[in-house]
Protein chains: 2
Amino acid sequence: MPAALEFLPQADLLLVGDRSAIAPLAPADAALQIIDQGANASVDQGIRALLRGAQSTAQGACLKLLRDGEGDVLISAADTGALLTLSRHCLGSLPGIDRPALTKQLNGKHGAFWMADLGANVRCTPAMLVQFAQMGVVASRVFSRVVRPRVALLNIGTEASKGLARLHRAAAALEVLPDSEYVGFVEGSALFDNQADVVVSEGFVGNVALKAIEGTAGMARHLMQETMAGLAPWQRLLMFGLRGPFARLGAQLDSGRYNGAPLLGLPQTVIKSHGAARQDAFANALQRGIDAVDAALPETLAHGLSAARADTQQE
Amino acid sequence: MPAALEFLPQADLLLVGDRSAIAPLAPADAALQIIDQGANASVDQGIRALLRGAQSTAQGACLKLLRDGEGDVLISAADTGALLTLSRHCLGSLPGIDRPALTKQLNGKHGAFWMADLGANVRCTPAMLVQFAQMGVVASRVFSRVVRPRVALLNIGTEASKGLARLHRAAAALEVLPDSEYVGFVEGSALFDNQADVVVSEGFVGNVALKAIEGTAGMARHLMQETMAGLAPWQRLLMFGLRGPFARLGAQLDSGRYNGAPLLGLPQTVIKSHGAARQDAFANALQRGIDAVDAALPETLAHGLSAARADTQQE
């Protein structure tokens, strides 16, 4: 938390949760406020119990602050399913969107691309996948300045017959999505080749892919460290002159740097941090939240979705 | 192909397929034989048509050679689903195994682990997942010399309530699997931390994970090459003294090096190569096939599965 306070002096932080757990970690003179409010929400107890007890959970209290205009962005590292359920319950969703999606911009070899859903909705209908694509298209147009984003579905092969029936139905609907070009199925092995600007998947699959990406990036860093550790003394001397470029390479492979994914489709900004995020990674999620507020993420998305609907009706 | 002939002088290669496509690529004096036999099989035409036309496809012809004892191992880069369907149809499967699984040994930070299924069975029942675990346990015991392999299910969270109902049912069954220890759910981000010796998933999810791993390893190589390209001239001089270790690092991140996954659960050895494998990667799949024959993979697996069954019945 102290790291976040250093990097983010322009933000007022409200820490919501169990005060006895938070207070020892927060510096006494810091520009933050602690709101004592129970534990994190979880879906373990079932959806009904979760919604019934919403007010007594930290996330429920945060969402009430957002709804009442006392907060601009919620950043949470707790259970994704609980966060999604409570967010929809407390805030509703944008017109035309049934289920918000966990969304992220990733860096490929030739630029950025967007992925959704990354784990908010375990199983998805074709209609939900199409809505994720719609949100991704707006995000890509507005934030990545791609005029006509290319949309792909994450699958286990590129042939039209591969994979699951609901992907095939979603593919048919994506063919006619406005302001975008459907480019077919994409495999995980080609994700970073920028064949698409928006990659759509159901939450279970997107989450597996994202975490496999993070795990592999961590393995690559591990192999790099092993390589360094195995150098002869004279090679370490050479390495000293190369420490700048290789430190940058290590940072590019640090998934903590990309921590923080917005739940797109809500009327307010909610950012999911990794549960296992380190201090610097969590600070990145905070930064992502502030960026989203600066960019008026939900309003911009709502505007883009509404414009796309108007276009479709005119056609 | 010439690369494979150099590396694998101890193998007799039978090339089965369209002679007009193969012949121009094969050296005239090479120790190989071309069997002219139609195109690759595909599941696009439907399962029935695939099985009806099995004899006229390259894979069908190969499997007949295997069944008749005229070949020891089939290596194919064609459609995984078609390969699985034809293999089961022509060869049957081992006692106690309903569906063969695409299996692979991957290198984690602290040693190897096995993953199954990597894409042979798109959707799986809990019973199939348990069979994949059984095969993985035998493979880990025999080939990785792990006495009591730890088994995990690939999921989107480690909490018991996360993910899909069929994973929860499989988890209950894995708790009592003999000769192994069920350690719960594992996420893709922890795959390389060696929390498990055998990681089980349904084919769709395993394939997405494997390909995301390969894509990310490729991205890491790309970033490394970009780092090298961005070095100042004097730094390139330093790099010259480090080219050995960094060439090894690059090779560790080359997924082509790990190309070739056996379809475990068949009475003969069938190896799936990536469809997009380069020449050296395909040569690695050939080498993997020869290793599998040397290790008597199907017989060893059958023996291990039968011993595990005997143990269970005694208990």
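How many helices and strands are there in chain A? In this predicted model, local features need pLDDT of at least 70 and side-chain atom pairs count only at pLDDT 80 or more, while totals for chains, interfaces and linings use all residues. Residues are numbered from 1 along each chain as its sequence is written, chains are lettered from A and ligands numbered from 1 in the order in which they are written, and side-chain values use heavy atoms, with hydrogens and water left out.

Chain A holds 12 helices and 10 strands, where helices (H or I, at least four residues) and strands (E, at least two) are DSSP runs numbered from the N terminus. The radius of gyration of chain A, taken over C-alpha atoms, is 21 Å, close to the 20 Å from the globule rule (2.2 Å times the number of residues to the power 0.38) for 315 residues, so chain A is as compact as a globular protein of that length. Its C-alpha trace spans about 65 × 50 × 35 Å along the principal axes.

Let us now visit one strand, E10 of chain A, which covers residues 269–272 and includes A:Val270. A:Thr269 and A:Ile271 point one way from E10(A), A:Val270 and A:Lys272 point the other way, and all are buried. For A:Val270, the relative accessible area is 1%. Strand E3 (residues 73–76) of chain A pairs with E10(A) in the parallel sense over four bridges; two strands pair if DSSP finds at least two bridges between them. Within this pairing, A:Leu74 has A:Val270 as its bridge partner. Strand E9 (residues 261–264) of chain A runs antiparallel to E10(A), joined by two bridges, and A:Pro262 stands opposite A:Ile271. E9(A) and E10(A) form a hairpin with four residues between them, and A:Gly265 in the turn has a positive phi of about 115°.

Which residues does A:Val270 contact, leaving aside its neighbours within four places in sequence? With contact meaning heavy atoms within 4.5 Å, the partners are A:Leu63, A:Leu66, A:Leu74, A:Leu83, A:Ser87, A:Leu91, A:Ala261, A:Pro262 and A:Leu263. By comparison, the C-alpha atoms of A:Val270 and A:Leu301, 31 residues apart along the chain, are separated by 14 Å.

Methods. Buried means under 20% relative accessible area, exposed over 50%, partly exposed in between (1.4 Å probe, protein chains only).
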